[in-house]
Amino acid sequence: MNKQSKTLERTVVLVSLPLTKTKVKILNCIYQVYGRILIEALEYMWSNGVTSWTKAKKLLYRRFRMKYPEIPTHYIHEAIRDASQRLKSFKKLKKKGLAKTNKPMIRRWSVGCDNQLWKLIFEGVRIATHEGWINIPLQFHKLFWRYYNGGWTLRSSARWRLIENKLYLFIVFVKNVETKGINTTKIYGIDINENNVTIYKYPTNKAVTIVTNFSKVVLGYAYRRARIQQKWSRVYGVKGNRRLRVALRKLRERNVKRDIKLKLAKTITDIIKDGIVVLEKLPKRFQDKALERSKWLKGLDVHRLKQSSIRGIHKLITEKLTEYCIPYVLVNPSHTSSVCPICGSKLVLMTGYAQRNGWKPRLMRCPRCGFIHDRDVIGAMNLVRKYLLDVSPMPLETKGVHDPHVEWLVATMKHGVETQPILARPTMT
């Protein structure tokens, strides 16, 4: 059985306890010097057409060593490496036409550290500075210990950033996993939509739809955000309105949406115990392309489709499958929801496209063979059918996708009270 090795990465943020004024002063000095080196290195590399960090280090190291003799040497190395990575990323964006400026700009940065500049200890972390090593007490949380004791390896490099009197340490855990070969008899087709995810199992011919009603969450936050903006912008204006930013931050919109997606990905991996998973191969910016085809969508419907996070859910599912060593393949999703999985004829829609008000069954009927089922179930069945046609010239048996009777279970995810936040009046400080 063939095996494929993949490397997973997870970034964990550790926040320190409030630091003393002396430690803040020392760390702020390193942070500001690192930023100046980063800006100067990026300007030099952009002006002289240098992208390789090894070549830039040969050209710039002595210059920065003489200009900033007090800081440790490895900070200069990391700043030049950071400038090289930023320049390469900017050139890729500019080549695709996605760059917003004519030259790379640095607005925010974090200090890069190799294994010579930081050490993780029981109380927290030790960081090398121009005043020697200083101990920073950290607040270790449950997620850190889950990765630390769960077979993950701590990467030698890390990054930190100083915000007021606290240090934010960004560390990366890596893990090598081996996915088993795809020679199996159990196949799961997963069709991802705006308000649900449908799983079809072959050859037992069973399907389950997990309803998320993500459109309700997106529209709910859009209405709440509009009311808050209207209220506080009318009184205090928009530019520099701290009260408006505080009120919007209390919504916790990003955290709630990510929590829904993580729970959904975990639920799917619990259902899929073994076998191979067939997913859609989603192109980049496919939501923009869908909006171009559907010109009747306007206003909040455009916002709803943009915020549906179909690609985000797809990415989380593939990451979870890789983490649990479950093999998966990507197939072309074209015409999977409009073609009969039994005879291949064009399907006829029996109900409307009800997505804005949450999930509802959308029945499709085949005028040739009379097969009737939900549109999402048909999409998952066709994904399995496409995979079987690719791996075998005669994949279908008398059962499986040829059996008109498909057992279908519908389950709804509970979001909790966090998706319905109570808008309290912002504090007037």
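Tryptophan 152 is buried, with a relative accessible area of 8%; buried here means under 20%, exposed over 50% and partly exposed anything in between, using a 1.4 Å probe and protein chains only. The model is a predicted one, so to speak of local features a pLDDT of at least 70 is needed and side-chain atom pairs count only at pLDDT 80 or more, while totals for chains, interfaces and linings use all residues. Residues are numbered from 1 along each chain as its sequence is written, and side-chain values use heavy atoms, with hydrogens and water left out.

Tyrosine 147 is also buried, at 12%. Its ring and that of tryptophan 152 have centres 5.0 Å apart and planes at 70°, so this pair goes down as edge-to-face. Rings of Phe, Tyr and Trp (for Trp, the six-membered ring) pair if their centres lie within 6.5 Å, and planes under 30 degrees apart count as stacked, over 60 as edge-to-face and the rest as tilted. Eleven aromatic pairs turn up in the structure. Another of them joins phenylalanine 144 to tyrosine 148: with 5.4 Å between ring centres and 25° between planes, the pair is stacked. Both residues sit in helix H4 (residues 142-148), four residues apart, or about one turn of the helix. Helices (H or I, at least four residues) and strands (E, at least two) are DSSP runs, numbered from the N terminus. An α-helix has 3.6 residues a turn, so residues three or four places apart point the same way. As for cover, phenylalanine 144 is buried at 1% relative accessibility, whereas tyrosine 148 is partly exposed at 42%. Phe140, Phe144, Trp145, Tyr147, Tyr148, Trp152 and Phe173 make up one aromatic cluster.

Two other tryptophans have a charge over the ring. Arginine 81 lies over the face of tryptophan 53, 4.0 Å from the ring centre, and lysine 119 does likewise with tryptophan 133, at 5.1 Å. The criterion is NZ of Lys or CZ of Arg within 6 Å of the ring centre and within 35 degrees of the ring normal.

On to the strands. E13, E14 and E15 form an open sheet in that order, with antiparallel pairing; two strands pair if DSSP finds at least two bridges between them. The edges are E13 (348-349) and E15 (372-374), each of which pairs on one side only. E13 is joined to E14 (residues 363-365) by two bridges, and leucine 349 stands opposite methionine 364 in E14.

Back among the helices, the buried residues of H6 (residues 242-249) are Leu244, Val246 and Ala247. They cover an arc of only 165° around the axis, which puts them on the same side of H6; the arc is taken from the directions from the helix axis to the C-beta atoms. Serine 308 belongs to the loop between H9 (300-306) and H10 (310-323), and at 1% relative accessibility serine 308 counts as buried. Neighbours within four places in sequence aside, serine 308 is in contact (heavy atoms within 4.5 Å) with Glu194, Phe214, Gln287 and Ile313.

For the protein chain as a whole, the tally is eleven helices and 16 strands. Of its 429 residues, 45% count as buried. Among contacts with a separation of 6 or more, 70% come from residues 24 or more positions apart.
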